Amino acid sequence: MTVTAAAGVSKAGVRARPALALGLAAAGAVLVVTALLSIAIGSKSIPLGTVFDALLHYDARIDDHVVVRDLRVPRTLLGLVVGAALGLGGALIQALTRNPLADPGILGINEGAGLGVLVAIGIAGLTSPWAYVWFAFAGAAVSATLVYAVGARGREGASPVRLVLAGIAFTYVLHAIGRAILLTDSATFDRWRSWMVGSLASADPAVIVAVLPFIAGGAAIALGLTPSLNALALGEEAGQALGVHRGRTRVLGAVAVTVLCGAATAAAGPIAFLGLMVPYAARMITGPDYRWLVPYSLVLAPILLLLSDIVGRVVARPSEVGVGVVTAALGAPMLIVLVRRRGRLPRL
């Protein structure tokens, strides 16, 4: 029966392939437009002609050109990179845990990265994003590794339930350690809170260059795992019957999630709901086929992140609202609407 179901899904995927490809191309076009809007719109009003002039004929003596080229372009690039990483990470963690409401933070990645930043600021005395991005990435990697090591103990190995329980436990432990450090050092708290809110405002080209290879590698792993994820979604026995090594798939998936979300969190701080909501919404378009769900998440997540960043820049002019705050404010009600419209959780 499982093989028959798999064949049915495969045939349906073949029939839907042109429509899904067209939809993905349309999403790519929307992403390009959104990126241009992110460059054109900000807390400071700049005429559209000046924006294009800054892109095509940059003059460092003109203040508006400096704002566009030195502030908004890096900010938009960071949003593209971070959004893609969180979208892919969310799709993978939902596949690995077989939970459509799972979030990358479930492996303790956000808390691990936050603790790494606290160590960098409070103990190492670092203040540059370029310096503490490595501590954040290391904290995320160590946290995810410990979660997987604990979750993999026993004869069942790293089952979805064990990974979730281990992730929740480590998240609370790391949260307690971090808060203990903050309560004893107010100066560290003042520097740390600007990172913790989740923001693209302080985009540094050096930070983008630092995390880009990790995100590119994680994206390659994620895209390469899509056939195996489809097989595992049919069940453990069916996946093995189709020749999929479940242990290797889970390890590679966990590595990809750690690299993607660790790098994204290190670069921009923890951004809520993006890795949860975008794959959930993408599944409504693509169904349970990860060969399409993963690419859709890759494209749709940066769109939502950049749009949220634009909203954060214009709602409180001349000040700004962190993109992490906006995604949380938009994501919670949108997710409620999606669940209510669906009436049930989507199939994995």
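Here is a short tour, from the whole chain down to single side chains.

**Before you click.** This is a predicted model, so to speak of local features we need pLDDT of at least 70, and side-chain atom pairs count only at pLDDT 80 or more, while totals for chains, interfaces and linings use all residues. Residues are numbered from 1 along each chain as its sequence is written, and side-chain values use heavy atoms, with hydrogens and water left out.

**Stop 1: the whole chain.** Show the cartoon: the protein chain has 14 helices and 0 strands. Helices (H or I, at least four residues) and strands (E, at least two) are DSSP runs, numbered from the N terminus. Of the 348 residues in the protein chain, 49% are buried. Here buried means under 20% relative accessible area, exposed means over 50%, and partly exposed is in between (1.4 Å probe, protein chains only).

**Stop 2: a greasy patch.** Select Leu-48, Phe-52, Leu-55 and Leu-56, which make a nonpolar surface patch of about 390 Å². Patch residues have over 30% relative accessible area and no salt bridge; like charges are joined within 9 Å, and nonpolar side chains (Val, Leu, Ile, Met, Phe, Trp, Tyr) within 5 Å. The areas come from the Shrake-Rupley method with a 1.4 Å probe, and for residues only the protein chains shown count as cover. Zoom in on Leu-56, in helix H2 (residues 48–56). Leu-56 counts as exposed because its relative accessibility is 64%.

Stop 3: Move along to Asp-59, in the loop between H2 and helix H3 (63–97). Which residue does the side chain of Asp-59 meet in a salt bridge? Select Arg-61: the two side chains meet at 3.1 Å, N to O. A salt bridge is a side-chain nitrogen of Lys or Arg within 4 Å of a carboxyl oxygen of Asp or Glu. Arg-61 counts as exposed, at 73% relative accessibility.

**Stop 4: Lys-44 and Asp-64.** Side chains of opposite charge can pair when their charged atoms come close. Lys-44 forms a salt bridge with Asp-64, with the closest N and O atoms 2.8 Å apart. Lys-44 sits in the loop between helix H1 (2–40) and H2, and Asp-64 in helix H3, so the pair ties together parts that are 20 residues apart in sequence. Lys-44 is partly exposed at 40% relative accessibility, whereas Asp-64 is buried at 19%.

**Stop 5: Arg-72.** Stay in helix H3 and pick Arg-72. What does the side chain of Arg-72 reach at 2.5 Å? That is the backbone oxygen of Lys-44. The Arg-72 side chain also reaches the backbone oxygen of Ala-40, at 2.9 Å. Arg-72 is buried yet has no salt bridge, and the nearest side chain of opposite charge, Asp-64, is 7.4 Å away. For charge, Lys and Arg count as positive and Asp and Glu as negative; His and the chain ends are not counted.

**Stop 6: helix H13.** Finish on residues 290–314, which form helix H13 with its 25 residues. Is H13 enclosed or open? Since 19 of its 25 residues are buried, H13 is largely enclosed by the rest of the structure. Select Arg-313 and Asp-309, whose side chains meet in a salt bridge (3.2 Å, N to O). Both are buried.

Definitions and conventions:
The expected span of a helix is 1.5 Å times one less than its number of residues. A polar contact is a pair of N or O atoms within 3.5 Å; within protein, one must be able to donate a hydrogen and the other to accept it, and residues adjacent in sequence count only if both atoms are side-chain atoms.
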